[in-house]
Amino acid sequence: MKSTWKVYVLALISFLVGTSEYIISGILDRIAETLGISVAAAGQLITVFSLAYAIGTPFLMALTAKLDRRKLLLYSLGLFIAANLLTFILPGFGLFIAARIIMALGAGMVVVTALSIAAKIAPPGKQASSIATVTMGFTASLIIGVPLGRMVSTAFGWKAVFLAIAIVGVLAMLVIAAVIPRMQGDKPVPLIKQFALLKKPQVLVALAITFFWLGGYSLAYTYISPFLLEVTHLNDSLLSTALFVFGIASLVGSKVGGYSADKRGIMFTLVSGMLLHVISLILLSLAGQSVIAVFAILILWSFAAWSSGPTQQFNLVSLVPESSGVMLSLNQSTMQLSMAVGAGVGGLIVNHVSLASITWFGALGVLIAIIATFVLSGMATRHSAVQSAD
């Protein structure tokens with residue numbers, strides 16, 4: 001099997017993980033009704049998943065650093081599948097929380113390992129594109145997985161969604177065992193040394209790019225539905241169409257971002273994508289009630305925002321190639337934390353400033369990420385000059 005198709009297998013795994021994470025928001029009302037809890041309490045399932053993912057992934061990736069990558073992917077996918085089965089079988093909210101924690105730990109290792117494998121099996125000069133393809137699977141879960149999960153929950157109950165994910169996961173394990181080659185893990189990095197990477201200024205600045213880019217995005221996107229309904233006065237019947245179009249644009253942006261990083265370089269792709277990101281958020285607040293303008297800006301926003309995803313992943317892998325797994329896991333943790341912080345800060349802004357202002361604050365976050373990108377570029381230039389002098 002050619003490496004391209006192997007990367008698409010990894011993208012399918014990424015799709016499953018993304019669906020398991022995002023589906024909660026699509027079936028939150030059904031979970032609350034079935035378990036006899038409030039929607040706010042059910043929403044804690046999202047918080048628990050993000051925190052377990054963010055905190056647990058670096059530790060587990062460090063502990064398993066020297067394990068064969070294919071074996072690690074199979075083990076972590078097995079843990080993920082087991083958690084989905086537990087969700088289907090076990091009753092009660094407390095046990096559901098426990099299953100979500102296990103699911104998040106498996107999901108974090110699956111995603112980081114899949115991204116690492118994609119970069120290693122890609123042909124020379126195609127690493128960023130391969131990472132983009134895997135990222136595209138994660139993004140596709142927003143477009144296909146969540147609506148499909150809602151349909152399954154309507155027909156068979158919300159627990160059936162997790163059974164379906166587990167079944168497809170088992171099939172994916174069989175394919176991985178057959179087509180993904182054995183490959184050596186990274187050089188083991190003790191936990192102390194893993195966190196010591198955060199003492200490196202370049203690593204810290206690179207992760208700051210992720211935090212402010214995705215934090216700014218999350219701040220605005222978390223409240224995009226009420227924003228479109230109340231600020232731009234988009235018709236309620238057009239909202240689902242707008243969100244679907246937004247998702248399609250994110251797929252295209254992710255793929256174009258990976259291609260651009262390979263052809264034009266990381267710096268160009270990151271800065272141009274985030275500049276468009278800032279411009280689109282500002283324009284969205286000025287779009288008024290024009291449906292055509294709102295749709296056009298949403299497409300630009302999603303395309304620009306997600307073009308930065310695979311580029312930033314590749315940026316981090318290139319920064320510390322000997323610890324690629326650790327860097328990817330740290331980045332995944334940073335992404336989860338930034339989404340949580342973005343959503344939380346967005347809630348404060350909506351309550352204490354205004355719903356209409358969230359795009360401006362989101363743009364400010366992305367602008368800080370652009371500044372961090374230039375800072376990182378300057379640091380890399382100075383580092384290269386010092387090495388040349390030596």
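Biologist: What is the mean pLDDT of the chain, and how many of its residues reach 70 or more?

Modeller: The pLDDT is the predictor's confidence in each residue, from 0 to 100. This is a predicted model, in which local features need pLDDT of at least 70 and side-chain atom pairs count only at pLDDT 80 or more, while totals for chains, interfaces and linings use all residues. Residues are numbered from 1 along each chain as its sequence is written, and side-chain values use heavy atoms, with hydrogens and water left out. Here the mean pLDDT of the chain is 80, and 85% of the residues reach 70 or more.

Biologist: At what angle do the axes of helix 4 and helix 7 cross?

Modeller: Axes are lines fitted to C-alpha atoms, for helices over the stretch in contact, and angles run from 0 to 180 degrees between N-to-C directions. The axes of helix 4 (residues 69–89) and helix 7 (residues 159–179) come within 8 Å and cross at roughly 160 degrees. These two helices are therefore roughly antiparallel to each other (under 35 degrees counts as roughly parallel, over 145 as roughly antiparallel, 65 to 115 as roughly perpendicular, the rest as oblique).

Biologist: How do the residues of the contact of helix 4 with helix 7 divide?

Modeller: Contact means heavy atoms within 4.5 Å. Among the residues making it are Leu 73 and Phe 80 of helix 4, and Phe 162 and Met 173 of helix 7. The contact divides into 18 nonpolar, 4 polar and 2 charged residues. Ala, Val, Leu, Ile, Met, Phe, Trp, Tyr, Cys and Pro count as nonpolar, Asp, Glu, Lys and Arg as charged, and the others, Gly among them, as polar.

Biologist: How do helix 4 and helix 5 pack?

Modeller: Their angle is about 155 degrees, with the axes 8 Å apart. That makes helix 4 roughly antiparallel to helix 5. The contact residues here are 17 nonpolar, 6 polar and 3 charged.

Biologist: How many aromatic pairs does a search of the whole structure find?

Modeller: A pair of aromatic rings is described by the distance of the centres and the angle of the planes. Rings of Phe, Tyr and Trp (its six-membered ring) pair if their centres lie within 6.5 Å; planes under 30 degrees apart count as stacked, over 60 as edge-to-face and the rest as tilted. The search finds 8 pairs. One of them, Phe 96 with Trp 158, is stacked, at 5.1 Å centre to centre and 20 degrees between the planes. Phe 96 lies in helix 5 (residues 93–121) and Trp 158 in the loop between helix 6 (127–156) and helix 7, 62 residues apart.

Technical notes: Helix = DSSP H or I, 4+ residues; strand = E, 2+ residues; numbered from the N terminus.
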